[in-house]
Amino acid sequence: MILPSIVITMMYTLKFNFTTVTNTAAIDALVYALSIDLFVHNRIECTQPSHDRLEFTSDRDCTIAQLILSGNSRYTVARQ
């Protein structure tokens, strides 16, 4: 009996907290814009599984993205 191979993909997540924005749709748009900025300026690819999170396939990309995005006073960003 041959068993199918299982591939487990580890995802690395950043969670954003916008202190002055409470509207979920607005937060979703702002986080989406950050994902575009990461790709255009740094070639870092990510997905957006929810309105306030970005996921990365590598720890390296997640760490670099956190460093790039942590200098903004409009929000805080933390690893999940």
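This is a short tour of one predicted protein model, moving from the whole chain to single residue pairs.

**Whole chain**

Start with everything shown as a cartoon. The protein chain has two helices and four strands.

Now switch to C-alpha atoms. Along the principal axes they fill a box of roughly 55 × 25 × 20 Å. The radius of gyration is 15 Å, whereas a compact globule of 80 residues would have one near 12 Å.

The accessible area is about 5600 Å², and carbon and sulfur atoms account for 57% of that. Buried residues make up 24% of the 80 in the chain.

Colour by charge next. There are 6 positive and 7 negative side chains. The centres of these two sets lie 4 Å apart.

**Strand β1 and its two partners**

Select residues 12–18. This is β1. Which strands pair with β1? One is β3, residues 53–56, and the pairing is antiparallel over four bridges. The other is β4, residues 75–79, also antiparallel, over five bridges.

Show side chains for one pair on each side. Pick Leu14 first: its bridge partner in β3 is Leu54. Then pick Phe16, which stands opposite Val77 in β4.

**The β2–β3 hairpin**

Move to residues 47–50, strand β2. Two bridges join β2 to β3, and the two strands run antiparallel. A hairpin of two residues links them. Select Ser50 and look across to β3: Arg53 stands opposite.

**The two faces of β3**

Stay on β3 and show its side chains. Which residues of β3 lie on the covered face, and which on the uncovered one? Leu54 and Phe56 form the covered face. Arg53 and Glu55 form the uncovered one. Side chains in a regular strand alternate between the two faces of the sheet.

Two residues from earlier stops return here. Leu54, on the covered face, is the bridge partner of Leu14. Arg53, on the uncovered face, is the residue opposite Ser50.

**Last stop: contacts along the sequence**

Zoom out and bring up the contacts for the whole chain. Take those between residues at least 6 apart in sequence: 56% of them join residues at least 24 apart.

Notes: Residues are numbered from 1 along each chain as its sequence is written. This is a predicted model: local features need pLDDT of at least 70, side-chain atom pairs count only at pLDDT 80 or more; totals for chains, interfaces and linings use all residues. Side-chain values use heavy atoms; hydrogens and water are left out. The radius of gyration is taken over C-alpha atoms; the globule rule is 2.2 Å times the number of residues to the power 0.38. Buried means under 20% relative accessible area, exposed over 50%, partly exposed in between (1.4 Å probe, protein chains only). Contact means heavy atoms within 4.5 Å. Accessible areas come from the Shrake-Rupley method with a 1.4 Å probe; for residues, only the protein chains shown count as cover. Lys and Arg count as positive and Asp and Glu as negative; His and the chain ends are not counted. The place of a charge is taken as NZ of Lys, CZ of Arg, CG of Asp or CD of Glu. Two strands pair if DSSP finds at least two bridges between them.
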